Amino acid sequence: MEYAINDIDKIVEFSSWSDKKKIDELLRIDCSMYTNLGIESTKSDRQAARKNSRKIYRLIKTLDYKMGNDFLVAMDRD
């Protein structure tokens, strides 16, 4: 099953998945958001993707503090 941005909270709650599998799926969703942006995407589309990425990285931080924190710090450098 393919998960989307609406499913990120559910993914973190899955008890049968390992933390690695949860993180992998969250990063796949993040990647998918950015690959679906194009030159015709509006500024608000790009801002929404960035906002959703921040949400994803905060969830990753609950699973793996260092990895999630590193993503957030890198995002703030932009």
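The side chain of Thr-35 reaches the backbone oxygen of Ser-32 at 3.1 Å. This is a polar contact, meaning a pair of N or O atoms within 3.5 Å; within protein, one must be able to donate a hydrogen and the other to accept it, and residues adjacent in sequence count only if both atoms are side-chain atoms. The model is predicted: local features need pLDDT of at least 70, side-chain atom pairs count only at pLDDT 80 or more, and totals for chains, interfaces and linings use all residues. Residues are numbered from 1 along each chain as its sequence is written, and side-chain values use heavy atoms, with hydrogens and water left out.

Thr-35 belongs to helix H2, residues 19–35. Helices (H or I, at least four residues) and strands (E, at least two) are DSSP runs, numbered from the N terminus. Thr-35 counts as exposed because its relative accessibility is 56%. The classes are buried under 20% relative accessible area, exposed over 50% and partly exposed in between, with a 1.4 Å probe and protein chains only. From Thr-35 to Lys-21 the C-alpha distance is 21 Å, for a sequence separation of 14 residues.

## Ile-5 and Asn-52

Ile-5 sits in the segment before helix H1 (8–13). Its relative accessibility is 24%, so Ile-5 counts as partly exposed. Not counting residues up to four places away in sequence, Ile-5 touches Ile-29, Met-33, Asn-52 and Ile-56, where contact means heavy atoms within 4.5 Å. Ile-5 and Ile-29 are 24 residues apart in sequence, and their C-alpha atoms are 6.5 Å apart.

Asn-52 is part of helix H3, residues 43–63. At 18% relative accessibility, Asn-52 is classed as buried. With neighbours within four places in sequence left aside, Asn-52 is in contact with Ile-5 and Met-33.

## Asn-69 and helix H4

Asn-69 lies in helix H4, which covers residues 65–77. Asn-69 is partly exposed, as its relative accessible area is 24%. The C-alpha atoms of Asn-69 and Ser-16 are separated by 25 Å, and the two residues are 53 residues apart along the chain.

## The chain as a whole

The chain has four helices and zero strands, in the order α-α-α-α along the sequence. For 78 residues, a compact globule would have a radius of gyration near 12 Å, and the 13 Å of the chain agrees with this. The radius is taken over C-alpha atoms, and the globule rule is 2.2 Å times the number of residues to the power 0.38. The C-alpha trace spans about 40 × 30 × 15 Å along its principal axes.

Of the contacts with a separation of 6 or more, 44% are between residues 24 or more positions apart. Buried residues make up 32% of the 78 residues.

## Surface and charge

The chain exposes about 5,500 Å², of which carbon and sulfur atoms supply 52%. Accessible areas come from the Shrake-Rupley method with a 1.4 Å probe; for residues, only the protein chains shown count as cover.

There are 15 positive and 14 negative side chains, and the centres of the two sets lie 4 Å apart. Lys and Arg count as positive and Asp and Glu as negative, while His and the chain ends are not counted. Each charge is placed at NZ of Lys, CZ of Arg, CG of Asp or CD of Glu.
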